[in-house]
Amino acid sequence: VIISAILSTNSLIINGQIEGELNFRSSIINSFNATASDNYFNETKDPRYYLVNRPLTLLYYPNKGYPIITEYSKPFSIKVSAPEDTTRWNLSLVSDTTNVSLSILKTKYDSERNQWVIEVLVEKEIQGLFDLKLVCSAGNDYQTHSVKLVKKFSYPFTFVQISDSHFPGYAPDINTTAVNLEVIQKVKDLNPDFVIHTGDVIDGPNTVFVDPKTGKTLAAEVQLKLGLWALDKLDTPVFIIAGNHDFDKSNLLPDDPEEVWNKYFGYSRIQNFSFLDWDFTGYSASFEGLSEYFETSLREHLKGTSNGSDVLYYHYDFKEQATKILKKYHMEIALWGHEHRERFFYSQGTLYHCQDAMFKNSDSFTLFTMESENIFSVKEETFNTSTFKIENTNEIQTTKTPFSPILGVPVPKIPSARL
């Protein structure tokens, strides 16, 4: 059975026959549910769709999947992939109500990376989430929700982990987009300072939604555009890393997912940012893990992190690279996905959290509240990293699963079916 389309009437076509009504529970999706080879939820009628789905052309950092959060009184750097002879720089922050030019303090060309590093400053006291607009002699570019300005960093701050959204659907017949949009609305209502998506944004070789003109799998680029459009509705900075479904080729797909990823997020596989005393480091990888170059780069970065608390986020422990990093460098929190089940445990000075697949139900997300440099709360438990004892209870509930000699923690058996 191949599900071939969703119609504007919300009816499902299976093998050419209309098979009843789809239950779109999300108020968002009810406005976006037409079908075409590149427009499955009428998302292209959303005014922001084409802004959200602009690929990286000149602006390299920050971008919609790797934003920057900073105090408005402090300078920050923008990286632009433009020729060395580029001139007439004009950078601005844009929102529904604001368009503010950035003052350029310094420009430097990095000939090794063929990039400009431009130091800028906001000279107005403004706060909020902004798109970043660039106009220069080399052309123009626009990256949505890539800069968040705050008056002053302060505790407590919050972030949400989501994972494995698998836009637009998951075999055999799950409409992930409908549930994902419900999750997005709930997370938006929490108003976190930022969100971390730990990979598998798209499904890849998907047979739930296919091109009605050809009957073939929806292109990876169309899947990613749908996902980016939906994640933009969080209205908060979203740090996005890739998982195996975002990278792995398939003869069912008309395009290469990793090339599509590079087009929209760039070639770097590593993210790092700080929020007060907490350092966050993430990396994108598939089954083959990080390349030697990026694994070395990651280790070099971790050598130079502050003495504060550290968070590592990744899709899965491919090639046991995360295990090796966590054993060598002290990380207070490890976040990942991939397994499509939730796991939550403490071992050897690190709190581990595996996030369930976003599409499982509308509560498939996890809120972290960081109270101070050492104290944070998650799932109604409070932790103190200086001693790493649970403040409110005596133990963390875990599933009864086989023991891992590598991590010394419970690890469930993973089904052989693809994840």
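This is a predicted model, and 2 cavities of 30 Å³ or more are held inside the structure. We'll visit both, then head for the largest pocket.

**Stop 1: the largest cavity.** Select Val52, Lys64, Thr144, His145, Leu228, Leu231, Asp232, Thr236, Val238 and Ile240, which form the lining here. Now colour by element: strand E12 (139-150), helix H3 (220-232) and strand E15 (238-240) each bring at least two lining residues. H3 gives the most, with 3 residues. Colour by class instead and you get 5 nonpolar, 3 polar and 2 charged residues.

**Stop 2: the second largest cavity.** Pick out Ile202, Ala220, Leu224, Asp246, Pro257, Val260 and Trp261. The volume is about 40 Å³. H5 has the largest share of the lining, 3 residues.

**Stop 3: the largest pocket.** Here the volume is about 830 Å³. Centre the view on Tyr60, Lys79, Arg113, Ser268 and Ile270, the closest to the pocket's centre among its 26 lining residues. Next, show strand E4 (59-61), strand E10 (115-121), helix H5 (257-265), strand E16 (270-275) and helix H6 (292-303), each of which gives two or more residues to the lining. Which element gives the most? That's H6, with 4 residues. Finish by colouring the lining by class: 12 nonpolar, 10 polar and 4 charged residues.

Key:
Residues are numbered from 1 along each chain as its sequence is written. This is a predicted model: local features need pLDDT of at least 70, side-chain atom pairs count only at pLDDT 80 or more; totals for chains, interfaces and linings use all residues. Side-chain values use heavy atoms; hydrogens and water are left out. On a 1 Å grid over the protein atoms alone, a cavity is a set of points where a 1.4 Å probe fits but cannot get out, and a pocket is an open set with protein on both sides within 12 Å along at least five of seven lines; lining residues have an atom within 4 Å of a point. Grid points are joined across faces, edges and corners, and a volume is the space filled by probe spheres set on the points. Ala, Val, Leu, Ile, Met, Phe, Trp, Tyr, Cys and Pro count as nonpolar, Asp, Glu, Lys and Arg as charged, and the others, Gly among them, as polar.
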